[in-house]
Amino acid sequence: MPQQPLELILLRQLASHLVIPMWMMDEQGNLIFYNESAEGLLGVHFDDVGPINSEQLVGKWQVTQMDGSPLPEYDFPVVVALSKHKPAHRSLRFQGLDGVWRAVEVTALPLEGQDGRFLGVLATFWEVDD
Amino acid sequence: MRALGAEVGNVDKVDVLITHLHMDHIQGLPFFPPLHDPDVWVDVWGPVSSSQSLKERLNRYLSPPLFPVRIRDLESVAFHDVSPGMFDLDGIRVTADLVSHPGPTLGFRLEEDGRALTYLPDHEPALGAHDFPNDSHWTSGYSLARGADVLIHDSQYTDEEYSERVGWGHSSYSHVLGFAGLCGVDRLMTFHHDPAHSDETLDEAHARLQQAARGFEVIPGSQGAAIEV
């Protein structure tokens, strides 16, 4: 496996020390890390499932809009940040792998390095009242 | 740099690779004789920034009152902003990548005729690697140093000193040994010694490093040392 870019190495270091749930994807949309706080929301330890490549990631967690109606994948904040290289934010509900549905605010940011290199996406989750 | 410039001899082109712009890495640059010789072309390569060019950033130092000669008065010098990637220097393939050190800092890997030299003078590979030195995928500098014939690497702290300086961008002796082993290098030249360490301290440390190294040779870095790759 090739070495991760330095920016992702340092970002993982930071994320692992914060209590804000954080989710990291590389430039190809592979899930490469989420921190301990995110494990509580996603319902599974990262080491038990990750890393997850982009194909296997599709449908791994069931996601809906806040009213329970379907949320197209292209509207997922992480997909917007990944495909359009723009920040994205929305409220949504998803089912953790522990079977529990949770409502969250998700903010996804594209990660751009020096000289405009696209490195991936960082997403944060904030649990809200359902 | 002054002594090196004198050793360069009768050449018409010199390349200078700068990993980052901390003072201890650029202080000698204006004293490099070829820089002031209009018959020698000098290409200076250094890390790209999102705000200013390499030349603009170096100009802060290479101008009065810090230095009497202005950068604009150097006749035969070009400055190149380097992003992570590869470029060619007269048949030598240079790979540059960002490495763990405060501020944008490059490491370099130079390859020619199947031989590789990696230069990581300021580097803290243990930072960010949760299982150091066992996870190459998440270890800064690995892609540059993997399988290198010679690795010139930061060796600043004793293990005790490092514990008080995590995040300062440098390596402990244990870390440099672990990193060199992870990367599978042939020879490790220790570099960037702590200026507070005496010659006796360094001699003792190197004796321990040479004893502890497995699968590679440890060469104590010293002023003016030359090594054939």
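How many of the residues of S9(B) are buried? The count is 4 of 5, so this strand is mostly covered.

S9(B) has a strand partner in S8(B), and the two run parallel with 5 bridges between them. Within S9(B), Thr190(B) stands opposite His153(B). S9(B) also pairs with S10(B), which covers residues 217–219. That pairing is parallel too, over 3 bridges. Here Met189(B) has Ile219(B) of S10(B) as its bridge partner. In a regular strand, side chains alternate between the two faces of the sheet.

**Helix H6 and what covers it**

Helix H6 of chain B runs over residues 173–183. It is mostly covered, with 8 of its 11 residues buried. The buried set is Tyr173(B), His175(B), Val176(B), Leu177(B), Phe179(B), Ala180(B), Leu182(B) and Cys183(B). An α-helix has 3.6 residues a turn, so residues three or four places apart point the same way.

The cover over the buried residues of H6(B) includes both helices and strands of chain B. The helices among them are H4 (142–145), H5 (159–163) and H7 (199–212). The strands among them are S8 (150–154) and S9 (187–191). Just after H6(B) comes Gly184(B), with a positive phi of about 65°.

Phe216(B) sits in the loop between H7 and S10 of chain B. A buried residue would need 20 or more.

Leaving aside residues up to four places away in sequence, Phe216(B) touches Ala180(B), Val185(B), Asp186(B), Arg187(B) and Leu188(B). One of these, Ala180(B), is among the buried residues of H6(B). Asp149(B) is 67 residues from Phe216(B) along the chain. The C-alpha atoms of this pair are separated by 9.6 Å.

**Chain B as a whole**

Chain B holds 7 helices and 10 strands. Of its 229 residues, 36% are buried. Its C-alpha trace spans about 50 × 40 × 35 Å along the principal axes.

**Two domains**

Chain B is divided into domain 1 (1–82) and domain 2 (83–220). The C-alpha centres of these domains of chain B lie 24 Å apart. Their contact draws 8 residues from domain 1 of chain B and 12 from domain 2 of chain B. On the domain 1 side, those residues split into 4 nonpolar, 3 polar and 1 charged.

**Contact with chain A**

Chain A brings 12 residues into contact with 18 residues of chain B. The chain A side consists of 5 nonpolar, 4 polar and 3 charged residues.

**Confidence**

The average pLDDT of chain B is 94. In this chain, 100% of the residues score at least 70. For the model, ipTM is 0.81 and pTM is 0.89. Where pLDDT is low, predicted coordinates should not be read in detail.

Terms used
Residues are numbered from 1 along each chain as its sequence is written. Chains are lettered from A and ligands numbered from 1 in the order in which they are written. This is a predicted model: local features need pLDDT of at least 70, side-chain atom pairs count only at pLDDT 80 or more; totals for chains, interfaces and linings use all residues. pLDDT is the predictor's confidence in each residue, from 0 to 100. Domain bounds come from an automatic or database domain assignment. Two residues are in contact if their C-beta atoms, placed from the backbone, lie within 7 Å. Ala, Val, Leu, Ile, Met, Phe, Trp, Tyr, Cys and Pro count as nonpolar, Asp, Glu, Lys and Arg as charged, and the others, Gly among them, as polar. A residue is buried if 20 or more other C-beta atoms lie within 10 Å of its own, exposed if 12 or fewer, and partly exposed in between; C-beta atoms are placed from the backbone. Two strands pair if DSSP finds at least two bridges between them.
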